[in-house]
Number of protein chains: 2
Amino acid sequence: MKTIAIDMDGVLADVYQQLIDMHYSESGITLKSSDMVGMTEAEAFPHLLKHVHTKGFFETVPLIPGGQEVVAELSKQYKIFIVSAATEFPLSLTEKHNWLNKHFPFISWQQMVFCGSKEIIKTDIMIDDHFKNLDVFDGKTFLFTQPHNEKSSPGKHERVNNWNEIKKILLG
Amino acid sequence: MKTIAIDMDGVLADVYQQLIDMHYSESGITLKSSDMVGMTEAEAFPHLLKHVHTKGFFETVPLIPGGQEVVAELSKQYKIFIVSAATEFPLSLTEKHNWLNKHFPFISWQQMVFCGSKEIIKTDIMIDDHFKNLDVFDGKTFLFTQPHNEKSSPGKHERVNNWNEIKKILLG
């Protein structure tokens, strides 16, 4: 059974929407993700660091559409690991664990990896929205489109724009 | 630079001593680790599950002698990753992060991995006290002696009894 490492933030978890919602609740201003194309997340969200360190940020982040359904289907044909950079934000460790248990109850604790660098991850396939994670990975790589990478050439990685595209490629 | 995955519980963190201390504080009885040779941890500690789910268990666990010094020296010649099975015990995630920051301040968040199964870890070397982790690993493996594995043949793994032995082998 082939193995897949699936990122959380920007692939399963809609971090942009969470940041837009938090910005709105504090300022009354609605930021548009279409205005953020090509900007880094830090450029797009002036209060990024404050917000990702806010209690509840990772536990209440909304889902990216299709992720739940497609990961459930992929689980029947692939061995899934959820691999998330989490050790940079200590609060996020327990919150991400709770979030996965809530939204992905079919993912067991054995299948969760909360790490820093992803350079020591060995699976057949990786799905991630950040080049820094994909570039150091040996297997097949999918770049999940997010505003911060939308203008970049995917290079050696295969770009996927949503979970439906992943479903078509990996489940035929 | 070669990479090493180093386990926490039973390699850096003296879980046996912590469990012996907790048993004593509850019962007044001092268990001896020499009586536990060849027993699983669950057989050796009747209150194991209760204790590992106790708040503070992983944050206050004592150090295995030599680990701090030898890992600091190894860090000059190897790229170190601390790889700990933690997602089974959600409380342990933040506590292990805090413990590492306190006792191993030279280990950055990039070098921490809190996982379930270690089957997707790719480093050159792994140091661990459990066969289940070493058996599925592709590189060079060291079995760190703990009472639960002391009677077992190390098989394809190289047994090390303490951090001084690791120092001699990996630093010459």
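Let me begin with a term: a residue is called buried when its relative accessible area is under 20%. What I am showing is a predicted model, and with that in mind I would like to start at strand E1 of chain B, residues 3-6. Thr3(B) and Ala5(B) point one way from this strand, while Ile4(B) and Ile6(B) point the other way, and all of them are buried.

As for the partners of that strand, E1(B) is joined by four bridges to strand E2 of chain B, residues 79-85, and the two run parallel; within this pairing, Ile6(B) stands opposite Ile82(B). E1(B) also pairs with strand E4 of chain B, residues 125-128, again in the parallel sense, here over three bridges, and in that case Ala5(B) is the residue that stands opposite Met126(B).

Let me now move to chain A and to the annotation. The UniProt entry, which is unreviewed, carries an "active site" annotation that covers Asp7(A) and Asp9(A), and the lining of the largest pocket takes in Asp7(A) and Asp9(A) from this set. Asp7(A) lies in the loop between strand E1 (3-6) and helix H1 (15-27) of chain A, and Asp9(A) is found in the loop between E1 and H1 of chain A as well.

Is Asp7(A) buried or exposed? Its relative accessible area is 5%, which is under the 20% cut-off, so Asp7(A) counts as buried. Leaving aside neighbours within four places in sequence, Asp7(A) is in contact with Leu12(A), Val83(A), Ser84(A), Lys118(A), Ile127(A), Asp128(A) and Asp129(A). With one of these, Lys118(A), there is a polar contact between the two side chains, at 3.1 Å. For Asp9(A), with the sequence neighbours within four places again left aside, the contacts are Val15(A), Phe58(A), Lys96(A) and Asp129(A).

Turning to Ala85(A), this residue lies in strand E2 of chain A, residues 79-85. Because its relative accessible area is 29%, which falls between the 20% and 50% limits, Ala85(A) is classed as partly exposed. Ala85(A) and Gly116(A) are 31 residues apart in sequence, yet 4.9 Å apart in space, taken from C-alpha to C-alpha. Beyond its neighbours within four places in sequence, Ala85(A) is in contact with Lys96(A), Cys115(A), Gly116(A) and Lys118(A).

That brings me to the cysteines. The structure holds zero disulfides over all chains, and Cys115(A) is accordingly in no disulfide, the nearest cysteine sulfur being that of Cys115(B), 9.4 Å away.

At 3% relative accessibility, His97(B) counts as buried. Which residues does His97(B) touch, not counting those up to four places away in sequence? In chain A they are Thr87(A), Pro90(A) and Leu93(A), and in chain B they are Met112(B) and Phe114(B).

Methods. Residues numbered from 1 in each chain as written. Chains lettered and ligands numbered in written order. Predicted model: local features only at pLDDT ≥ 70, side-chain atom pairs only at ≥ 80, totals over all residues. Heavy atoms only, no water. UniProt positions renumbered as here; feature names shortened; annotations may be inferred. 1 Å grid on protein atoms, 1.4 Å probe; cavity = no way out; pocket = protein on both sides within 12 Å on 5 of 7 lines; lining within 4 Å. Buried < 20%, exposed > 50% of the residue type's maximum accessible area, 1.4 Å probe, protein only. Contact = heavy atoms within 4.5 Å. Polar contact = N/O pair within 3.5 Å; in protein donor to acceptor, adjacent residues only side chain to side chain. Disulfide = S-S within 2.5 Å. Pairing = 2+ DSSP bridges.
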